[in-house]
Amino acid sequence: METSIKEKIKGLTSSEAIEILNVHIEAHPDDEVALTMRGIKYWGAGKRALAINDYLAAIRINPESNAREALKAANEILDYRNTDLYNP
């Protein structure tokens with residue numbers, strides 16, 4: 001039985017997981033789950049633009065992908081403004 005990509009990256013650091021996901025995605029460019037997972041790892045590593053690119057790629061492959069929720073959350077975070085911090 002082949003180990004799933006989720007199991008392969010479980011417990012790894014973001015950079016280690018990204019390396020494994022890069023190899024997997026190169027061999028399976030239409031794997032929207034792997035693209036979403038790599039996007040999540042990129043987001044955790046502070047690479048916001050790369051994360052959003054992966055979410056968008058996953059959504060192009062499967063419009064019902066979980067990447068839609070990840071992209072929505074990313075946009076909410078990026079759009080957040082605390083007006084209390086502005087000077088009066």
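This is a predicted model: local features need pLDDT of at least 70, side-chain atom pairs count only at pLDDT 80 or more; totals for chains, interfaces and linings use all residues.
## Crossing sense

A crossing is left-handed if the near helix is turned anticlockwise from the far one by less than a right angle. The crossing of α2 over α3 is left-handed. The crossing of α4 and α5 is left-handed too.

## Overall make-up

The protein has 5 helices and 0 strands. From the N terminus, its elements run α-α-α-α-α. The protein counts 88 residues, and 33% of them are buried.

Contacts can also be sorted by sequence separation. Take those in the protein with a separation of 6 or more: 34% of them join residues 24 or more positions apart.

## α2 against α3

Helix α2 covers residues 14–27. Its axis lies 9 Å from that of α3, at an angle of about 150 degrees. Angles over 145 degrees count as roughly antiparallel, so α2 is roughly antiparallel to α3.

On the α2 side, the contact is made by S14, A17, I18, L21, N22, H24 and I25. They meet A34, L35, M37, R38, K41, Y42 and G44 in α3. By class, this contact has 8 nonpolar, 4 polar and 2 charged residues.

## α3 against α4

Helix α3 spans residues 32–44, and helix α4 spans residues 48–61. Their axes come within 8 Å and cross at roughly 165 degrees. The two helices are therefore roughly antiparallel to each other.

From α3, the contact draws on E32, L35, T36, R38, G39, I40, Y42 and W43. From α4 come R48, L50, A51, I52, D54, Y55, A57, A58 and I61. These residues divide into 11 nonpolar, 2 polar and 4 charged.

## T36 in α3

T36 sits in helix α3. Is T36 buried or exposed? Its relative accessibility is 8%. The cut-off for buried is under 20%, so T36 counts as buried.

A polar atom of the T36 side chain lies 2.8 Å from the backbone oxygen of E32. E32 is also among the α3 residues that meet α4. Which residues does T36 contact, leaving aside its neighbours within four places in sequence? They are Y55, A58, S65, N66 and A67. Y55 and A58 belong to the α4 side of the contact with α3. A67 belongs to α5, where it takes part in the contact with α4.

## A57 in α4

A57 is found in helix α4. Its relative accessible area is 17%, so A57 is buried as well. A57 is one of the α4 residues in the contact with α3.

How far apart are A57 and T36, in sequence and in space? The pair is separated by 21 residues along the chain. In space, the distance is 8.5 Å, C-alpha to C-alpha.

## α4 against α5

Helix α5 runs over residues 67–79. It packs with α4 at an angle of about 145 degrees, with the axes 9 Å apart. The contact is made by I52, Y55, L56, A58 and I59 of α4, together with A67, R68, A70, L71, A74 and L78 of α5. By class, these residues divide into 10 nonpolar, no polar and 1 charged.

Definitions and conventions. Residues are numbered from 1 along each chain as its sequence is written. Side-chain values use heavy atoms; hydrogens and water are left out. Helices (H or I, at least four residues) and strands (E, at least two) are DSSP runs, numbered from the N terminus. Buried means under 20% relative accessible area, exposed over 50%, partly exposed in between (1.4 Å probe, protein chains only). A polar contact is a pair of N or O atoms within 3.5 Å; within protein, one must be able to donate a hydrogen and the other to accept it, and residues adjacent in sequence count only if both atoms are side-chain atoms. Contact means heavy atoms within 4.5 Å. Axes are lines fitted to C-alpha atoms, for helices over the stretch in contact, and angles run from 0 to 180 degrees between N-to-C directions. Angles under 35 degrees count as roughly parallel, over 145 as roughly antiparallel, 65 to 115 as roughly perpendicular and the rest as oblique. Ala, Val, Leu, Ile, Met, Phe, Trp, Tyr, Cys and Pro count as nonpolar, Asp, Glu, Lys and Arg as charged, and the others, Gly among them, as polar.
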